Amino acid sequence: MRTTPFAAVLVGALLLTSAAARTEAATPPGAVRSAGSLGPDLDRLFADARLTGAQSSALVTDAATGEVLYEHAPGALLLPASTLKTVTAAAALDLLGPDHRFTTEVRAAGRRSGPALDGDLVLHGGGDPTLLPADLDALAGEVAAAGITEVTGALRADVTRYDDVPLGADWAWDDQAAYYSPQISALTLTTDTDYDPGTVRLTLTPAARPGQPAQVEVTPAEAPVHLSGSVTTAAAGGAYTVQVDRRPGGNELRLDGALPADGGTGQEWIAVDDPAALATTVFAAALARHGVTVRGGAATGRAPEADTVLARHDSAPLADLMVPFLKLSNNGIAEHLVKEIGRVAAGHGSWAAGLDRIADFLHRSGLEPTAARQRDGSGLSRRNLLTTRRLTALFGYARTQPWFHAWYDALPVAGDPRRMVGGTLTNRMRGTAAAGRVHAKTGSMTGVDALAGYVERADGRTLAFAVLLNNFAGDSPRPLLDAFAVRLAGDGAAGPAPADRAPDSAAPSVRDGRRAAPYDWETACLTDARC
């Protein structure tokens, strides 16, 4: 892929910014500037009735030169939703480095006396958002292999790498049970390789006959949660209406709804209260399986500085973690990255420190041609504000950086059926000119839908684009986003895809979406009017 020197990109971005500022000053808000035949086609999309009363912004540039090809209120400050993750990912790769790993350690805080440790065994959290039960089991095996069979003290969880603020600023209080809104801790656990930290998974199996309660299995089995209520087995062909909730401040999981008898198993992922307690409980069980007895129960607190490392687990490098992060729009990974940036770059693992360093990265990189506000790493906060101008400037800048390919390869690819390639764009724009050519980050919440990334055209030209749609209250305008990208990918000989539909783009219902494509929280947010 062709790249240009950073200086050229920066100078071009500043010149375009200055010119755009003069244009916006001379024209009313919402005015459109475009080049060639592209403009009329895209203008028609923004005139669609689904955007009546809504706010919209778009910018299309040549990714190599920065030349503006189309713009529609590019300086408007709007909610970016998960397109903000492109900023967090770029900053993390720049500030932490593609080879950065999260390290979890088991430490001995006390003296050894033969097979006994006279003191505490410390599980030291390193902020790993991808730690699995199998990883904890391997750590327990290393402790046993070191010859320890008894711990006279406690199993202590050290979570001091990050601060003790578990939830992001402005997150919805009634989303605390949702797997896409987990508590952030230096010691956490996930159930599978989609890597949603701080969650447990419920597998629901219908009973043999309608009317009977469904079987519910919790993963990890040792998770310190309590189930109440039940899920009923519905008649064959019935609707999947399972609801699982958790009241704030505890780990009682309340079950309700029904599972059709012929629907197979269903799965639900729930964020727990106190992720460190979840990880510690699972690790204690692993120690017991490996023949290590802990006499003093579980505790939380900082480990002594002079302790001995008995075992350690390193995560995959950050470059590899970009794939589940961006492909699946993983909120938990996003927020761990913000706190890790704060810890590494500023000495304090907090949102405030991490976001301050991200802002410094944007300033240092010349990516502040417009105002913005970033309150978290994932885009969950409804106080985040971003412009399409800043997003496309980032896309141009990223192409000049040594970490670009790790970042670019992690973006969802339109219409690709492979889940870890297509990601949140797997079922969108199939059978169109955009399939396989649009590499872009999605972003959706109630009243918000967005798409931002690159279009690799058949003529060899790479376009950078960003579209932000806010404050719509009726039908989803998602087909308009897809039609926008399809038009950019086309050769210009035909008009855009019909504004009332785009192939394979219609958002499924929340429950159908969750069962057909687990973790598609963006579709759920767009259609459920909750996020």
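Student: Which residues in α3 meet which residues in α6?

Tutor: This is a predicted model, in which local features need pLDDT of at least 70, side-chain atom pairs count only at pLDDT 80 or more, and totals for chains, interfaces and linings use all residues. Residues are numbered from 1 along each chain as its sequence is written, and side-chain values use heavy atoms, without hydrogens or water. Lys85, Thr88, Ala89, Ala92 and Leu93 in α3 meet Leu318, Ala319, Met322, Phe325 and Leu326 in α6, where contact means heavy atoms within 4.5 Å. By class, this contact has 8 nonpolar, 1 polar and 1 charged residues.

Student: Why are α3 and α6 called roughly antiparallel?

Tutor: Helix α3 (residues 85-95) and helix α6 (residues 318-327) pack at an angle of about 175°. Angles over 145 degrees, on a scale from 0 to 180 between N-to-C directions, count as roughly antiparallel; α3 and α6 are therefore roughly antiparallel. Their axes are 11 Å apart.

Student: What makes Ala145 exposed?

Tutor: Ala145, in helix α4 (residues 133-145), has a relative accessible area of 68%. Exposed means over 50% (1.4 Å probe, protein chains only), so Ala145 is exposed.

Student: How many residues has the largest nonpolar core?

Tutor: The largest nonpolar core has 59 residues, and Met322, Phe325 and Trp407 are among those with the most contacts inside it. Such a core is a set of buried (under 20% relative accessible area) Ala, Val, Leu, Ile, Met, Phe, Trp, Tyr and Cys residues joined through side-chain atoms within 4.5 Å. Helices α3 and α6 are among the elements that each supply at least two residues of this core.

Definitions and conventions:
Helix = DSSP H or I, 4+ residues; strand = E, 2+ residues; numbered from the N terminus. Parallel < 35°, antiparallel > 145°, perpendicular 65-115°, else oblique. Nonpolar A, V, L, I, M, F, W, Y, C, P; charged D, E, K, R; others polar.
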